2 protein chains.
Amino acid sequence: MPNISNRGASMPPSPIRKLVPYAEAAKKRGTKVFHLNIGQPDIETPAAILDAVRNTKMNVLAYSHSAGHESYRRKLVEYYGRNDIQVTTEQIIVTCGGSEAIMFAIMSCMDEGDEIIIPEPFYANYNGYAVGSDVKIVPIPSGIETGFALPPVQDFEKAITPRTKAIMICNPNNPTGYLYSLAELEVIRDICIRHNLFLLSDEAYREFCYDGNKHISALSLPGLEQHAILLDTISKRYSACGARIGAFVTKNKTVLDTAMKFAQARLSPPSFGQILGEAAVDLPANYFDAIHEEYTARRDLLVSRLQQMPGVTCPLPGGAFYAIAELPVDSAENFCKWLLESFEYQGSTVMMAPASGFYATPGRGVREVRLAYVLNLDDINNAMDCLEHALVAYEAQKTKTKVVTQL
Amino acid sequence: MPNISNRGASMPPSPIRKLVPYAEAAKKRGTKVFHLNIGQPDIETPAAILDAVRNTKMNVLAYSHSAGHESYRRKLVEYYGRNDIQVTTEQIIVTCGGSEAIMFAIMSCMDEGDEIIIPEPFYANYNGYAVGSDVKIVPIPSGIETGFALPPVQDFEKAITPRTKAIMICNPNNPTGYLYSLAELEVIRDICIRHNLFLLSDEAYREFCYDGNKHISALSLPGLEQHAILLDTISKRYSACGARIGAFVTKNKTVLDTAMKFAQARLSPPSFGQILGEAAVDLPANYFDAIHEEYTARRDLLVSRLQQMPGVTCPLPGGAFYAIAELPVDSAENFCKWLLESFEYQGSTVMMAPASGFYATPGRGVREVRLAYVLNLDDINNAMDCLEHALVAYEAQKTKTKVVTQL
């Protein structure tokens, strides 16, 4: 039997999905599982955009243009314009989810052995694309003590080598929920210009900014036009994860032309998803108001409940729909497993993502979990009741075990 | 401005799409263009499967399982079973088009610098995946003189080095239309077993076999269970290119588990396309009969017209919907350009794909074109009238130029 590739062997499994078998077993036992572990929004996909697909008239479901339907790209120009991002249809490649946009960016900008600096913790799937393309992720630490703010300039400077080709950010951030300020983005911009680096900016959660703060795109930073690549997706924006529609956007024509060759090799993005995405740009202007209100209420409830639990640290995130919490346990991974294997409260338990999988540096984040607030307020309350009791029970059984050990 | 990657720079543009600007210019001048250049079927997508998407009931367009909806994989098991391919739902990963299946296979089986042997001419987009993953394609020649039959065993043996990890075939073949016989597949199987190589088998055109010949899948060759990876797509099968639904199928559990990690990194395949694909398995058993008949008639007409043209060689292909023809011209690429730039007959011209783009060896196939018979019989006839007159006119203007030069 021939051997698999080294890159295949070294590809890390998804930390978000690693605990799935334990959750399945819990459900089989009849335990209700509150899923705070995945970023699958529960908000309904707007009926109007599903209807656009349902009402499709076509005889042949043909390949679209490799860059996506021109009519959809025209609509995207309109959408981006409303978000202070001035681009043309020629600066957009519609992709199969944000994932493909990430891949096109890495492939177009980086060779085997090149380095990309990413503040950690970061979205774990970036690892997959780095391993697949033999690019090295160089993490620089952001931490719970600063609420996951941008690491200081000198940490970037120290990490830069002759092989550094790019910096990557996710803003608002998955997994931390941190929203970068204009001042922070200008720091990143200056580093990119000073060291001639690309800036890959994952803005999947653009619409999810709270407390009156505005999202600022890497693509609207003056001076960064030839450096910035915007990686986008409609998955979270319209609760349309299954559409698999994203976008690769840049004003750098050489990069765009290069990405287009990769786009041509995979022929075209999904047609139905493009129809849905095109309709979404015409949703009423107030579409996000109710969603905003809902997510703000959820965030506030989740974080305040967590902050009230003894020994738990949870900074208030400014965006996305994630929070990272440090728990009074030695290993968040063991605790998460235990929650699914050995615990229930009123017939329920909680599933969270151990945060260590979002750090590249071994040992960091071992006491942290990522929580996605994609449940309604009642369920968040119930899940927090569960977690609160679980922390007490976990501590008690530890002490008991210790006592037993000491006897 | 930072530099793009070397792999991006060395990525070849699609030979199929290279002439597109010339075709657009011709259309702007009012010339009708018969498209024999691309494999976009004109056959209508079955209304029943489009209706399955139109009738979708869902509130949230969620991520599917990374391997695809289980209900769809169950249907695929049924479909493959009908085609003498015995697999389980756990041996299938639903992909975003056949393209992604190719990528998963290369990533899972090959590292940077590893070699994959492919008989040339081959589907040009394989280059894209090889360049993107730093894998080296080693072409071995098949030629028009044998009708593009499998190259002799010794050609494979000569091409094998310590870095060879796999052989790749496309069966029936794009661009040649050649359908491999059982004897030929057994030759390939024996080489793979002898040298411990993977066999990547692109079977996008499984249903398109003519003259009563049956398609044999690499996955049904006894002894090859741990070597064979089937790369599939519904694009051609149901005229559903825009669905972007394919499949990666293997009985090798280690390879499947490895590919699953890449599948998890990109989250999930498109949901609407999966709904369409699932419905397609329930199309009536005679669905392919009319399509078969139509393509057979088209192939026979196209090839007989080509064979009647002086100086043209065109072997009868046994499958897919392509034919390769050698033309009495020095450069098929120049001729194809000239057809779009300087020629028309009764207001029309013909667009074909120069075949040199399907060969990896420089200089091979320079007088050849690939023709896709995705037009109705009338249009094929008109296109062949066009081509016939064009060959005469091209020869005449060459002679005239020569005369002028000699004066």
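Tutor: In this predicted model, 55% of the 407 residues in chain A are buried. A compact globule with 407 residues would have a radius of gyration near 22 Å, and chain A agrees because its own value is 22 Å. The C-alpha trace of chain A spans about 70 × 55 × 55 Å along its principal axes. Of the contacts in chain A with a separation of 6 or more, 75% join residues 24 or more positions apart.

Chain A has 13 helices and twelve strands, and the pair to look at is α4 and α10 of chain A. Two packed helices are described by the angle between their axes and the distance between the axes. Helix α4(A) covers residues 70-82 and helix α10(A) covers residues 271-280; their axes are 9 Å apart, at an angle of about 35°. The crossing of α4(A) and α10(A) is left-handed. On the α4(A) side, A:S71, A:Y72 and A:K75 make the contact, and on the α10(A) side A:Q274, A:G277 and A:E278 do. By class, this contact has three polar residues, two charged and one nonpolar.

Chain A also touches chain B, with 67 residues taken from each of the two chains. On the chain B side, the elements that give two or more residues include α10 (271-280) and α9 (253-265) of chain B. Helix α9(B) gives the largest share of that side, seven residues. The residues on the chain B side divide into 28 nonpolar, 27 polar and twelve charged.

Terms used: Residues numbered from 1 in each chain as written. Chains lettered and ligands numbered in written order. Predicted model: local features only at pLDDT ≥ 70, side-chain atom pairs only at ≥ 80, totals over all residues. Helix = DSSP H or I, 4+ residues; strand = E, 2+ residues; numbered from the N terminus. Rg over C-alpha atoms; globule rule 2.2 N^0.38 Å. Buried ≥ 20, exposed ≤ 12 C-beta atoms within 10 Å, placed from the backbone. Contact = placed C-beta atoms within 7 Å. Axes fitted to C-alpha atoms, helices over the stretch in contact; angles between N-to-C directions. Left-handed = near helix turned anticlockwise from the far one by under 90°. Nonpolar A, V, L, I, M, F, W, Y, C, P; charged D, E, K, R; others polar.
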